[in-house]
Amino acid sequence: MAGIYIHIPFCKQACYYCDFHFSTSLKKKNTLISALIKELKLRKDELKETPIETIYFGGGTPSILSNEELQLLIDSVYENYKVISCPEITLEANPDDLHKDRIIELSKSPINRLSIGIQSFFEKDLKLMNRAHNADEARSCIEVAKKYFSNISIDLIYGIQGATNEQWIKNIEIALNFEISHISSYALTVEPKTALASFIEKGIIEDVDDEQAHQQFLILKDKLEEEGFVHYELSNFGKEGFFSKNNSAYWQGKSYLGIGPSAHSFNGTQRGWNVRNNTKYINALNKDELPIEIEILTLTDRYNEYIMTGLRTIWGVSLKKVEEDFGKLFKDYLIERADIFINQHLLYIDDGHIRVSRKGQFLSDGISSELFKLNLA
C-alpha cells in the first residue's frame, strides 16, 4: 500500500509562525494545477502496481481550491494509479473556507476526511498567529461539518505566548465538546526566517516558553486519554478506527509520492523532494521535466529514519526488525545507546520493542538523534 500527497501552495495570508512553502498570490493557480496533473502523469510508474490507499491534500491551504479543481486532481490520481475501493481522501481546510454551502459541496465529493486548522478557539491567539479565521468561524465550521462528515480531525497549537494552562484546558474542553474523533496538536515553534522569529528578535513578541509548552503537552495527553483517545503518535490523538491512515503510513515506513512544489517522496530506499518554487516547478513540468532531487538512502540512513519515526509512535522500534533489516551490529548499538535513556526512565523495552515513556515523550525527537548511527554504511 502507498499514499499520494498533493501540496497546494496557496494561502489567503501568511501565518506568522509558518515556514511551509506557499504563496499569497493566486495568479498562477490554474497553471500550477495543470502542472500538478502533469506530474501525477509523469510519475505514474514510480509506484508501479502498488495500491494507493490514501490521497492527502496538504499545503498551504488546499480548501482555497474549488471543488471542480480538487476533482480534477482526484480524477488524475484515478487515471494514473491503482486506487483501492475506499481510499482515505483528506482535505486540509481553514475554517473561513468552510461555510455551510461549501461543506455540503465537499460532502458530495470523493473527499471523506476533513483536517481543519483550528489552532485555537480564542480570538487573542488567532490574532497573534495572524490566522485568516476568527473564533466564531472556528466553532461554527465544526458544528456544520459534523452533520456531513463522520471523519474529522482538528489541529490545535499549544505553548502560545500569553496562553495560560487554564486557557489551554478550555481549548481542549471546547474541542472535546464537539465529539470529534481525531486531534493533531503541536507546540508553537519558532522557525528561522518567519515573521514570528523576527518579532521575537525585535522584542515585539516574547519568546516561547518551552517549560510551559511541556506542561501543556502533558495536560493535553492526560485529558484526551481520559476521554478515550489513543496517543498513537507524538502529535496525534485518535479514537480507535480514526487514526490518520495517511500520516500512519509515514511513520510506519510505507511508500508515498509527494506531488507539487516542495513535496517530499519516499519509497523505502530513496527520498526525493521537489523544488520549493512555484515558477520553477511550473516551468520544469511545462518541459516534461521533473523538478525533483533524489537522495539514495544508505543502510545507516534507513536505520536512522526508522528510529526517528518509530519512537514517535505507540508501535515503537522493533528490535527484531532492526536486526533483520539492518543487522546485528545495528541492534547491539541500539541497545547499548538506549540503555542510557532506559536508566533515566525515558525509554523502556516491552515485548521486544523500544518505546518512549510518558516522561520522555516530549523529548522523543532529541532522544532519537542520540540513537542514530553514523558511518556504518
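User: Let's start with Phe266: is it buried or exposed?
Analyst: In this predicted model, Phe266 counts as buried, because its relative accessibility is 9% and the cut-off for buried is under 20%.

User: Where does Phe266 lie?
Analyst: Phe266 lies in strand β10, which covers residues 264-266.

User: And which residues does Phe266 touch?
Analyst: Leaving aside residues up to four places away in sequence, Phe266 touches Gly253, Lys254, Ser255 and Tyr256, and it also touches Arg271, Leu297 and Glu305.

User: What separates the C-alpha atoms of Phe266 and Lys221?
Analyst: Those two C-alpha atoms are separated by 30 Å, and the residues are 45 places apart along the chain.

User: Switching to cores, how many residues are in the largest nonpolar core?
Analyst: The largest nonpolar core has 64 residues, and those with the most contacts inside it are Ile6, Phe57, Phe121 and Ile154. Apart from that core lies another, of 19 residues, which includes Tyr306, Val322, Leu334 and Leu347. As general background, nonpolar side chains in soluble globular proteins tend to be buried together.

User: What does Phe57 touch?
Analyst: Not counting residues up to four places away in sequence, Phe57 touches Ile6, Ile8, Pro62, Leu70, Leu73, Ile74 and Ile89, together with Thr90, Leu91 and Glu92.

User: How many disulfides does a search of the whole structure find?
Analyst: The search finds 0 disulfides.

User: Are Cys15 and Cys86 buried or exposed?
Analyst: Cys15 is buried, with a relative accessible area of 15%, whereas Cys86 is exposed, with a relative accessible area of 62%.

User: New topic, the second largest pocket: how many residues line it?
Analyst: That pocket is lined by 17 residues, and those that lie nearest its centre are His231, Thr313, Ile314, Val356 and Gln361. The space in the second largest pocket is about 190 Å³.

User: Which elements supply at least two residues of that lining?
Analyst: Each of α8 (210-226), β7 (230-233) and β15 (353-356) supplies at least two residues of the lining, and the largest share, 3 residues, comes from β7.

User: And what is the lining like by class?
Analyst: The lining of the second largest pocket has 6 nonpolar, 5 polar and 6 charged residues.

User: What is phi for Asn130 and for Lys193?
Analyst: For Asn130, phi is near 65°, a positive value in a residue other than glycine, and for Lys193, which is not a glycine either, phi is positive at about 70°.

User: Where are Asn130 and Lys193 placed?
Analyst: Asn130 is in the loop between α4 (123-129) and α5 (135-148), while Lys193 is in the loop between β6 (182-187) and α7 (195-201). Lys193 counts as exposed, at 87% relative accessibility.

Methods. Residues are numbered from 1 along each chain as its sequence is written. This is a predicted model: local features need pLDDT of at least 70, side-chain atom pairs count only at pLDDT 80 or more; totals for chains, interfaces and linings use all residues. Side-chain values use heavy atoms; hydrogens and water are left out. A nonpolar core is a set of buried Ala, Val, Leu, Ile, Met, Phe, Trp, Tyr and Cys residues joined through side-chain atoms within 4.5 Å. Buried means under 20% relative accessible area, exposed over 50%, partly exposed in between (1.4 Å probe, protein chains only). Contact means heavy atoms within 4.5 Å. On a 1 Å grid over the protein atoms alone, a cavity is a set of points where a 1.4 Å probe fits but cannot get out, and a pocket is an open set with protein on both sides within 12 Å along at least five of seven lines; lining residues have an atom within 4 Å of a point. Grid points are joined across faces, edges and corners, and a volume is the space filled by probe spheres set on the points. Helices (H or I, at least four residues) and strands (E, at least two) are DSSP runs, numbered from the N terminus. Ala, Val, Leu, Ile, Met, Phe, Trp, Tyr, Cys and Pro count as nonpolar, Asp, Glu, Lys and Arg as charged, and the others, Gly among them, as polar. A disulfide is a pair of cysteine sulfur atoms within 2.5 Å.
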